[in-house]
Amino acid sequence: MVYVKSWEDFEIAAENMYMANPCQCRFTMKYTHQRGAVLLKLTDNAKCIQYKTEVLSELRRIEKFSGNLIQMMASKE
C-alpha cells in the first residue's frame, strides 16, 4: 500500500486507476475522530493507493473528488 504525499498526485493516480479497470476498483473513505484524520483508499486488487490528511480545508476537495468518482461509476460509459 502506497501513501501518496500530495492531493493532486492522489487524484490523478486514482482517476487513472479507475479508468484502466473500472469493474475491479473499490473506493473507501474513513474518518478517525480521535485524530481528526480522513483516509482515502482506492484499490483494484493489484495496486492500492492511499491518501491521509488531517487538514480540514481539504474536505472540499475530497467531497468534489468523491462526487466525480461516483458520477463516473454510475455512468453507463
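1. Aromatic cluster. Trp7, Phe10, Phe27, Tyr51 and Phe65 come together in one aromatic cluster, where rings of Phe, Tyr and Trp (its six-membered ring) are taken to pair if their centres lie within 6.5 Å, with planes under 30 degrees apart called stacked, over 60 edge-to-face and the rest tilted. By this rule there are six aromatic pairs. In one of them, tryptophan 7 and phenylalanine 65, the ring centres are 5.6 Å apart and the planes stand at 90°, so the pair is classed as edge-to-face. This pair joins distant parts of the chain, since tryptophan 7 belongs to helix H1 (residues 7-20) and phenylalanine 65 to helix H2 (residues 59-74), 58 residues apart; helices (H or I, at least four residues) and strands (E, at least two) are DSSP runs, numbered from the N terminus.

2. Basis of the values. The model is predicted, and local features need pLDDT of at least 70, while side-chain atom pairs count only at pLDDT 80 or more and totals for chains, interfaces and linings use all residues. Residues are numbered from 1 along each chain as its sequence is written, and side-chain values use heavy atoms, with hydrogens and water left out.

3. Tryptophan 7 counts as buried at 4% relative accessibility, and phenylalanine 65 counts as buried at 1%; here buried means under 20% relative accessible area, exposed over 50% and partly exposed in between, with a 1.4 Å probe and protein chains only.

4. Helix H1 and its two sides. The 14 residues of H1 should span 20 Å at 1.5 Å a residue, and the end C-alpha atoms are 20 Å apart, which agrees; the expected span is 1.5 Å times one less than the number of residues. Trp7, Phe10, Ala14, Met17 and Tyr18 are the buried residues of H1. Seen down the helix axis, these buried residues fall within an arc of 100°, so they line one face of H1, the arc being that of the directions from the helix axis to the C-beta atoms. Ile12, Asn16, Met19 and Ala20 are exposed on the other side of H1. The cover over the buried residues of H1 includes strand E3 (37-43), strand E4 (48-53) and H2.

5. Nonpolar core. The largest nonpolar core has 15 residues, and those with the most contacts inside it are Trp7, Phe10, Ala14, Leu40, Leu42, Ile49 and Phe65; such a core is a set of buried Ala, Val, Leu, Ile, Met, Phe, Trp, Tyr and Cys residues joined through side-chain atoms within 4.5 Å. At least two residues of this core come from each of H1, E3, E4 and H2, and H1 gives the most, with five residues. Leucine 40 touches Trp7, Phe10, Phe27, Thr28, Met29, Ile49, Gln50, Tyr51 and Ile62, if residues up to four places away in sequence are not counted, contact meaning heavy atoms within 4.5 Å.

6. Tyrosine 18, in helix H1, is buried with a relative accessible area of 8%. Leaving aside neighbours within four places in sequence, tyrosine 18 is in contact with Cys25, Leu69, Met72 and Met73, and the C-alpha atoms of tyrosine 18 and methionine 72, 54 residues apart along the chain, are separated by 9.0 Å. Serine 66 lies in helix H2 and is buried, with a relative accessible area of 10%; with neighbours within four places in sequence again left aside, serine 66 is in contact with Phe27 and Met29.

7. Threonine 53 is placed in strand E4 and is buried, with a relative accessible area of 6%. The side chain of threonine 53 makes a polar contact with the side chain of glutamate 58 at 2.9 Å; the term covers a pair of N or O atoms within 3.5 Å, where within protein one must be able to donate a hydrogen and the other to accept it, and residues adjacent in sequence count only if both atoms are side-chain atoms. Threonine 53 touches Gly36, Ala37, Val38, Glu58 and Ile62, not counting residues up to four places away in sequence.

8. Two exposed residues. Asparagine 45 lies in the loop between E3 and E4 and counts as exposed at 54% relative accessibility. Although asparagine 45 is not a glycine, its phi is positive, at about 70°; most residues other than glycine have a negative phi. Lysine 64, in helix H2, is exposed with a relative accessible area of 60%, and the C-alpha atoms of lysine 64 and glutamate 11, 53 residues apart along the chain, are separated by 11 Å.
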